[in-house]
Amino acid sequence: MQVTETLNDGLKRGYTITVTAAELSAKVDEKLREAQPEVEMKGFRKGKVPMAMLKKQFGQRLMGEAMQEAVDGAMQAHFEETGARPAMQPKVEMKNSEGWKEGDDVIVDMTYEALPEIAEPDFTAISLERLVVKADDAAIDEALANLARQAQSFEDKDGAAETGDQVVVDFSGSIDGEVFEGGTATDYPLVLGSGQFIPGFEEQLVGVKAGDSKDVTVTFPESYGAKHLAGKEAVFACTVKAVKAPVEAAIDDALATKFGAESLEALKEQIRTGLEGEYAQASRAIVKRALLDVLDSTVTFDLPPSLVEAEAAQIAHQLWHDEHPEVHDHNHGSIEPTEEHNALAARRVKLGLLLAEIGRKAEVEVTDAELTQAILTQARQYPGQEREFFEFVRKNPNMQQQLRAPIFEDKVVDLVLARATVTEKEVSKDELKAALDALDSDE
């Protein structure tokens with residue numbers, strides 16, 4: 001078997017692989033010898049069929065397998081010997097496919113783009129700032145007030161219903177005089193202004209009193225989930241059973257017990273811990289972006305054009321669908337990436353390759369426990385279907401890789417941040433929010 005280099009231009013590589021007829025024949029013989037003990041044929045005992053007869057009967061059928069295995073073996077040996085790593089699946093073409101016959105050599109052209117050599121940057125030379133926010137009393141009091149509103153009760157009131165009040169109603173919805181399925185309820189508690197019902201419904205009940213009857217006319221949105229109702233005008237005949245005013249829960253130990261805390265002070269501490277955890281997540285997102293910006297601006301290496309082109313095409317396609325949410329299929333014309341798409345693709349490919357190389361050298365791995373936790377987190381987005389989702393991911397390597405990738409990236413980022421010089425700067429909640437908003441606006 002011969003491997004001859006035909007192209008070496010930047011990251012582009014080309015090789016001609018020649019598998020001799022003798023090597024192919026030997027490969028076929030090897031397969032026949034492996035199968036011989038199990039072969040039965042009329043006139044011969046099991047395992048005693050002569051090789052010549054086996055070759056005549058099965059040799060042609062095994063030739064294709066032998067070719068594929070020989071070429072795959074040559075490619076694998078090439079990558080092991082040279083240490084080259086293809087950016088994408090190599091392109092392989094048989095040069096002498098036309099007119100090839102048994103007894104001829106097999107000549108194959110292999111071309112690919114190699115992953116670049118990436119020098120690890122000096123992480124200790126990187127200086128970053130981490131924003132730190134402490135949960136102050138005002139933020140804790142605001143959170144307590146929100147919890148008190150969540151725990152509020154409602155008491156009967158005299159007079160007309162206002163926004164924020166709860167009305168208890170019976171209603172029956174109809175379209176063109178016909179009652180439709182799902183449009184009827186009895187003793188339904190509806191908080192006016194909560195946005196539970198379609199636009200326009202709750203507003204028309206402002207001002208009603210207990211005992212009133214009122215027809216509420218609304219139009220279902222065009223985007224409404226039930227297609228048979230979307231865009232249709234409906235009339236709801238409503239009977240008001242009661243009007244109730246909200247009564248906020250007192251901020252005391254009793255409120256704390258409703259939310260699983262032993263006392264009000266314990267609840268405050270839980271809130272403080274939760275808020276500072278949220279602030280820390282936001283701060284991490286900011287320092288991560290700063291780190292990626294530094295790496296992007298200071299680290300230079302050649303990028304495989306095929307990876308950049310594929311990423312740019314994906315970005316352009318995704319953004320087009322974001323701008324055209326009404327299109328749910330891919331039956332549209334080609335979408336040409338812009339210079340902006342190409343620039344973003346180059347950044348993503350560059351940082352992706354760099355972080356992957358840093359992680360590879362540091363032997364960063366995503367554990368089975370970490371992957372399982374990620375799957376469970378995702379599964380919670382499908383209530384009642386968690387087991388089905390878990391099984392789907394277990395049988396889908398591509399989905400597993402999609403879940404592994406962000407975990408791997410975060411572990412590499414943490415590794416780099418641990419080696420870099422990171423100073424802390426205490427700021428207010430508003431300053432942190434402004435920095436986070438600026439981060440989002442740059443995306």
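Contact, as I use it, means heavy atoms within 4.5 Å. This is a predicted model, so I kept local features to pLDDT of at least 70 and side-chain atom pairs to pLDDT 80 or more, with totals for chains, interfaces and linings using all residues. Numbering runs from 1 along each chain as its sequence is written, and side-chain values use heavy atoms, with hydrogens and water left out.

Entry one, the core. I looked for nonpolar cores, meaning sets of buried (under 20% relative accessible area, 1.4 Å probe, protein chains only) Ala, Val, Leu, Ile, Met, Phe, Trp, Tyr and Cys residues joined through side-chain atoms within 4.5 Å. The largest has 29 residues, and Ile126, Leu291, Leu295, Leu354, Ile358 and Val416 have the most contacts inside it. Two or more residues each come from α5 (264-298), α6 (305-323), α7 (339-361) and α10 (397-419); helices here are DSSP runs of H or I, at least four residues, numbered from the N terminus. α7 gives the most, seven residues.

Skipping neighbours within four places in sequence, I found Leu295 in contact with Pro121, Ile126, Lys350, Leu351, Leu354 and Leu355. Apart from this core lies another, of 24 residues, including Val19 and Tyr112.

I took a pocket as an open set of points on a 1 Å grid over the protein atoms alone, where a 1.4 Å probe fits, with protein on both sides within 12 Å along at least five of seven lines; lining residues have an atom within 4 Å of a point. I got 38 lining residues, with Glu311, Arg348, Val349, Gly352 and Glu409 nearest the centre. α7 supplies the largest share, 13 residues.

How values were computed. Buried means under 20% relative accessible area, exposed over 50%, partly exposed in between (1.4 Å probe, protein chains only).
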